[in-house]
Amino acid sequence: MTLDRGLVVWVAEAMAPLGKVTHRRMMGGAALYLDGVIFALVTGDGALWFKADAASDAAWDAAGCERFRYARAGRSASINYRRAPEDVHDVADAMRQWAMLGLAAGRRAAG
């Protein structure tokens, strides 16, 4: 699997009014940062995941956004990221709305 550079570019373009998006490669994907704060992941399969936490879980649940799950030692594990709603791939305002939830969770985790 390879990094979907087009998706990373789209996120950066949509988020440009709010700040500079950078990325760091990791395990076939990338972690995305806005002005140094992690807010999303792009996985090697081309999926976009936004950072989440207890404060934002209700919004993600209401939108039906699944949790990031992976296999670990033969068991299912999860981390605090939620799959992005489909409209973020086409609508910049939707991207910013959902990414701001991820950014807020990233700021809380850093603080």
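Lys 51 is buried (under 20% relative accessible area, where over 50% is exposed and anything in between is partly exposed, with a 1.4 Å probe and protein chains only) and yet has no salt bridge, a salt bridge being a side-chain nitrogen of Lys or Arg within 4 Å of a carboxyl oxygen of Asp or Glu. The nearest side chain of opposite charge belongs to Asp 53, 7.3 Å away. The model is a predicted one, in which local features need pLDDT of at least 70 and side-chain atom pairs count only at pLDDT 80 or more, while totals for chains, interfaces and linings use all residues. Residues are numbered from 1 along each chain as its sequence is written, and side-chain values use heavy atoms, with hydrogens and water left out.

- Lys 51 is part of strand β4, which covers residues 48-51; helices (H or I, at least four residues) and strands (E, at least two) are DSSP runs numbered from the N terminus.
- Beyond its neighbours within four places in sequence, Lys 51 has contacts (heavy atoms within 4.5 Å) with residues that include Phe 39, Trp 60, Tyr 81, Leu 101 and Ala 105.

**Asp 53**
- Asp 53 is found in the loop between β4 and α2, the latter being residues 57-62.
- Because its relative accessibility is 14%, Asp 53 counts as buried.
- When residues up to four places away in sequence are not counted, Asp 53 touches Ala 105 and Arg 108.

**Ala 94 and helix α3**
- Ala 94 sits in helix α3, residues 92-110, and its relative accessibility of 6% is why Ala 94 counts as buried.
- From C-alpha to C-alpha, Ala 94 and Ala 109 are 23 Å apart in space, with a separation of 15 residues in sequence.

**The protein as a whole**
- The protein has three helices and six strands, which follow the pattern α-β-β-β-β-α-β-β-α along the sequence.
- The radius of gyration, taken over C-alpha atoms, is 13 Å, which agrees with the value near 13 Å for a compact globule of 111 residues, the globule rule being 2.2 Å times the number of residues to the power 0.38.
- The C-alpha trace spans about 40 × 30 × 30 Å along its principal axes.
- Buried residues account for 43% of the 111 residues.
- Of the contacts between residues at least 6 apart in sequence, 49% join residues at least 24 apart.

Key:
Lys, Arg positive; Asp, Glu negative; His and termini not counted.
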